[in-house]
Amino acid sequence: MGTFAWPVAGSLFGGLVAVALAAVAWRHREEPATVPFGTLMVALGAWGLSQAALLSTRSLAAGYALEVFTAVASAQVPPLLLVFVLAYTGRDQWLRPRYLAVLWSVPAGFAIVRSTAPLHGLASVPADATLVTAHGTTAPSVPAGLIADAELVYGYVAIGLAYAVLLQFAMTARTVHRRQTAAIAVAATVGLSADVATRVGHHLHPEASLTPLSIPVVGVAIGWALFRYDFLRVSPLAGDLLVDQLPDPVLVVDDGDRVVDHNRTAEDRFGPAVRGDSLGAVAPGLCDALSGDEAYTVRGDGGITYYDPQVTAIEDQHGNQRGRLIVLRDVTGQQRRQDRLEALQSATREFITAESEREIAQLAVSFADRVLDGDAAAIYLAEGDELRPAAVSERLEREYDAAELVVDDPSDPVFRAYETGTATTERRAGDAAARRQRLAVPLEGHGALTVERREGAVFPAEDEQFAEILARTTQVALTQIEREQELRESRATVERRSEQLEFFNGVLRHTLRNALLVIRGRAEHLRADVDGGSEAHLDRIVGWCDELTELSEKIRAINETVTASEAERLETIDLSDLLQERTATVAAGHEGVTVDCDVEDDLRVLANELARDVIESVVRNAVRHNDADRPRVSITARRVADRVRVEVADNGPGMTDEMKETVFERDVATSQTAHGFGLYFVSVMMNLYGGTVWFEDNEPRGTVAVVEFRYADRIETKGTSGPA
């Protein structure tokens, strides 16, 4: 083939490159526009390979068949290019079967005419084929004829439409898509230029088109553009579609703050003719919000919309800022929730300071009117078999009499919510113009909260949730008021009973003391008139008078201790000295009983003067109930952390587990405890001191009474304190 070998090799190489790109596209056939791209590569590959075969043969029959196949393959390239461009730019509405049928009707007609030329002679026939030698190369050649000219016109029209679509897309697409589109357009231009050069006679042989030779450049360039910009993984229109379909307004402004682009949401928000206007005119106040880093608000028929502006600088290839991309993120829901939570916190603080049910009801209605976007609200409180309004919105006050707002019908939604404890949503009965959608939320044990909306309005789930939160908060506040009222009444009753007991106790002690003084005086008066044998009876009378007088004073001390506050009842007591004193007193009164005492020094506890009676009661209990042949009582006291533990151990009969649990009860007979106040008194006093008392088993026999006082790390007296 001489000098003509390189066009054959070029056509073959171009066809193989096109086939390889078609294979790659087939592997990614699930991605957008890859099927049209692959089909275009198949047509170009068929063109290149058939031309290489045509230029390599000298058979006229084979040459004619290859020329027909080459012409049919080349005729598919322009419409396939147009289909690829439409798919690439996202104009899928033009790729419906009816439009594709129209587009391929002309190439299909050309193919039929060429294939059936021997039957009608409208195109070149096999007899027209001749061997032509040009520039030292011989190959079959078939005259073009009018059909080839018609194919040329149709092909250039299709290519022109493809370029028009690419140009329009490049003018509206984002930067990355403009670069990609430009690369595709330039690559396509290389192939078009090669075809034009062939048409004007720049070829080495009549059958040697330069277009297949340009396939390596065209195919590789287009493939590089697509793969370089990740075409096969992400649709080229993804960015545009994403921005266009964003629910948030997007504005692009130049360095003079004039709007140069926007998405559909911005058009809906600010109007269709915003391009070219200043940002201040399109969105009043937005510039201040951008500079102040604050939320941007827009008032409309549906209320206030809150936006959080997100700004991105737009820079050129030199790093100079040319404008800004502004995304207005809708944060209305978030802002409303924040406002509602803040309002609820404020209402809760006011609930805490409220002093009556009516005040709480008014606060709840005020919050509902302000935050829940309802037309009206009311708080109903139960009174007998009725629910009566404790507070209502102004609209309800204007439209209804007080009697009309009372709910006494068990079938009423408000009454059902109260009785069942379940929120209900129904239309409010009444005049057609005044019908409202009403939400009733129960206030468990108290009544119900109602919120109403105009006819046709639906309660959002978020509003229902806040209404339930408000209802629970109101319910807690009402319960607190109820408990405080009960507490005040109980406190007043206790104070009244305490005053009465104090009065009668004072009268009793005063009368008893006076009576004892009279009895003691009369006994002493009779002493001179009785003989020696009867004087012991007088001594017994005088002794009982002294004991009862002392008991009266102890009762007074106990009463004061029980009714006093902790600060008033407690002082610092030296327990070490007190134990030594009480132990000696008990030991002196019970001969035959061994009493040992092992007490640490400087044991200070929080108690009062009745602590000596507590200790004496425990020690006497151990002594009196000891049935051992050689009764022994051991007393130890030591500090354990912030406590002082006193243990009184005996070798008596011990206690059952049941007795250990019941011995401190009030109704246990005194015969089972100590003489005097008994162990119930010990339990009461230790509880008032903040201490504890219990019994344990002693080994090998007996019981251990454990009494724990709070250690006093400061020397304190009633009403005063000072450092230890």
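Is Lys 660 buried or exposed? In this predicted model, Lys 660 is buried, because its relative accessible area is 15%, and the cut-off for burial is under 20%.

## Surroundings of Lys 660

Lys 660 sits within helix H24, which covers residues 657–662. When neighbours within four places in sequence are set aside, the residues in contact with Lys 660 are Met 655, Phe 695, Glu 696 and Asp 697.

## Overall make-up and confidence

The protein chain has 724 residues, of which 43% are buried, and its secondary structure comes to 25 helices and 21 strands. Among contacts between residues at least 6 apart in sequence, 61% join residues at least 24 apart.

The average pLDDT of the chain is 78, and 81% of the residues score at least 70. Where pLDDT is low, the predicted coordinates should not be read in detail.

In soluble globular proteins, nonpolar side chains tend to be buried together. The largest nonpolar core in this model holds 47 residues, and the members that touch the most others are Leu 575, Val 646, Val 648, Tyr 689 and Phe 709. Apart from this core lies another, made of 39 residues, including Leu 103, Phe 110, Val 125 and Ala 185.

Tyr 689 can be followed in more detail: with residues up to four places away in sequence left out, Tyr 689 touches Leu 570, Leu 606, Ala 607, Asn 608, Leu 610, Ala 611, Val 614, Phe 709 and Arg 710.

## Packing around helix H23

Two packed helices are described by the angle between their axes and the distance between the axes. Helix H22 (residues 575–588) packs with helix H23 (residues 611–624) at an angle of about 40°, and their axes are 10 Å apart; the two helices are therefore oblique to each other, and their crossing is right-handed. On the H22 side the contact is made by Leu 578, Leu 579, Glu 581, Arg 582 and Val 586, while H23 contributes Ala 611, Arg 612, Ile 615, Glu 616, Val 619, Arg 620 and Val 623.

H23 also packs with helix H25 (residues 679–689), here at an angle of about 140° with the axes 10 Å apart, which makes H23 oblique to H25. The crossing of H23 and H25 is left-handed. From H23 the contact draws on Ala 611, Asp 613, Val 614, Ser 617, Val 618 and Asn 621, and from H25 on Leu 679, Phe 681, Val 682, Met 685, Met 686 and Tyr 689.

## Backbone details in loops

Most residues other than glycine have a negative phi, and most peptide bonds are trans. Asp 602, in the loop between strand S14 (594–599) and strand S15 (604–607), has a positive phi near 60°, and at 48% relative accessibility Asp 602 counts as partly exposed. Ala 641, in the loop between strand S16 (632–640) and strand S17 (643–650), likewise has a positive phi, of about 55°, and counts as exposed at 61% relative accessibility.

The peptide bond from Glu 699 to Pro 700 is cis, with omega near 5°.

Technical notes
Residues numbered from 1 in each chain as written. Predicted model: local features only at pLDDT ≥ 70, side-chain atom pairs only at ≥ 80, totals over all residues. Heavy atoms only, no water. pLDDT = per-residue confidence, 0-100. Core = buried A, V, L, I, M, F, W, Y, C linked by side-chain atoms within 4.5 Å. Buried < 20%, exposed > 50% of the residue type's maximum accessible area, 1.4 Å probe, protein only. Contact = heavy atoms within 4.5 Å. Axes fitted to C-alpha atoms, helices over the stretch in contact; angles between N-to-C directions. Helix = DSSP H or I, 4+ residues; strand = E, 2+ residues; numbered from the N terminus. Parallel < 35°, antiparallel > 145°, perpendicular 65-115°, else oblique. Left-handed = near helix turned anticlockwise from the far one by under 90°.
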